[in-house]
Amino acid sequence: MILCGYLGICSCYDCRNRYIPLWLLRLGIGIGLLYALVMLIQGRFGWQAAVAGMAPGAVMLFYSRLSQGKLGWADGLMVIPAGLMQQWERCTAEVLAACFLVFLAAAALLAAGKANKNTKLPFAPFFLAAVVLVWTVEEYGNRIGG
């Protein structure tokens, strides 16, 4: 719930202003670090899991640099708290699902003639939707599987 609330606020900024403020990104990373610290103290996962959890966001930051800003650096920083609060596998699945959702939205907008190749779409709302989607599929799968 904390992650969804954070991503909801990021989504509002991203949709309205096409950027996410640095203070909000720092706050999210701080909350993610605090969450990871609590999980470490409780013995739920080791420090390696926390470091690995940041990998999807780090890869996005690297790709942002390679793509010369086609993918915003703030998107990578926004993903880091999600990775700190979850395992890296789940966070990676969420990033991939968000990319697929962006692809579907871009394809629909292009087909409708409402966008062109230079149209920029905010990533945060798609990432939020992907987090909810992956969580829902995981919960539904656990209930069916036993």
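Predicted model: local features only at pLDDT ≥ 70, side-chain atom pairs only at ≥ 80, totals over all residues.
View 1. Phi of Arg18 is near 65°, a positive value in a residue other than glycine. For background, most residues other than glycine have a negative phi. Arg18 has 49% relative accessibility, so it counts as partly exposed; that label covers the range between buried (under 20% relative accessible area) and exposed (over 50%), using a 1.4 Å probe and protein chains only.

**View 2. Tyr13 and Trp23, an edge-to-face aromatic pair.** The structure holds 3 aromatic pairs. Rings of Phe, Tyr and Trp (its six-membered ring) pair if their centres lie within 6.5 Å; planes under 30 degrees apart count as stacked, over 60 as edge-to-face, and the rest as tilted. For Tyr13 and Trp23, the figures are 6.3 Å centre to centre and 85° between the planes. The pair links distant parts of the chain, with Tyr13 in helix H1 and Trp23 in helix H2, 10 residues apart. Tyr13 has a relative accessible area of 27%, so it is partly exposed.

**View 3. Phe123 and Phe127, a stacked pair.** Here the ring centres are 6.0 Å apart and the planes stand at 20°, so the pair is stacked.

**View 4. The largest nonpolar core and its 31 residues.** A nonpolar core is a set of buried Ala, Val, Leu, Ile, Met, Phe, Trp, Tyr and Cys residues joined through side-chain atoms within 4.5 Å. In this one, Tyr6, Ile20, Met78 and Phe127 touch the most other members. The elements giving two or more residues to the core are H1, H2, helix H5 (73-85), helix H6 (88-111) and helix H7 (124-145). H5 supplies the largest share, 8 residues.

**View 5. Helix H5 and Met78.** Why is H5 described as largely enclosed by the rest of the structure? Because 12 of its 13 residues are buried. Among them are Ala74, Asp75, Gly76, Met78, Pro81 and Met85. Now zoom in on Met78: leaving aside residues up to four places away in sequence, Met78 touches Tyr6, Leu7, Cys10, Ile20, Leu25, Phe123, Ala124 and Phe127. Contact here means heavy atoms within 4.5 Å.

**View 6. Arg90, Glu94 and Glu138, linked in a network of salt bridges.** A salt bridge is a side-chain nitrogen of Lys or Arg within 4 Å of a carboxyl oxygen of Asp or Glu. By this rule the count comes to 2. Arg90 pairs with Glu94, their closest N and O atoms being 3.4 Å apart; both lie in helix H6, 4 residues apart, about one turn of the helix. Arg90 is partly exposed, at 21% relative accessible area, whereas Glu94 is buried, at 0%. The other salt bridge joins the side chains of Glu138 and Arg90 (3.0 Å, N to O). Glu138 lies in helix H7 and Arg90 in helix H6, so this pair ties together parts that are 48 residues apart in sequence. At 34% relative accessibility, Glu138 counts as partly exposed.

**View 7. Val134, a residue of helix H7.** Val134 has 17% relative accessibility, so it counts as buried. Which residues does Val134 touch, not counting those up to four places away in sequence? They are Arg90, Ala93, Glu94 and Ala97. The C-alpha atoms of Val134 and Ala98 are separated by 10.0 Å, with the two residues 36 apart along the chain.

Methods: Residues numbered from 1 in each chain as written. Heavy atoms only, no water.
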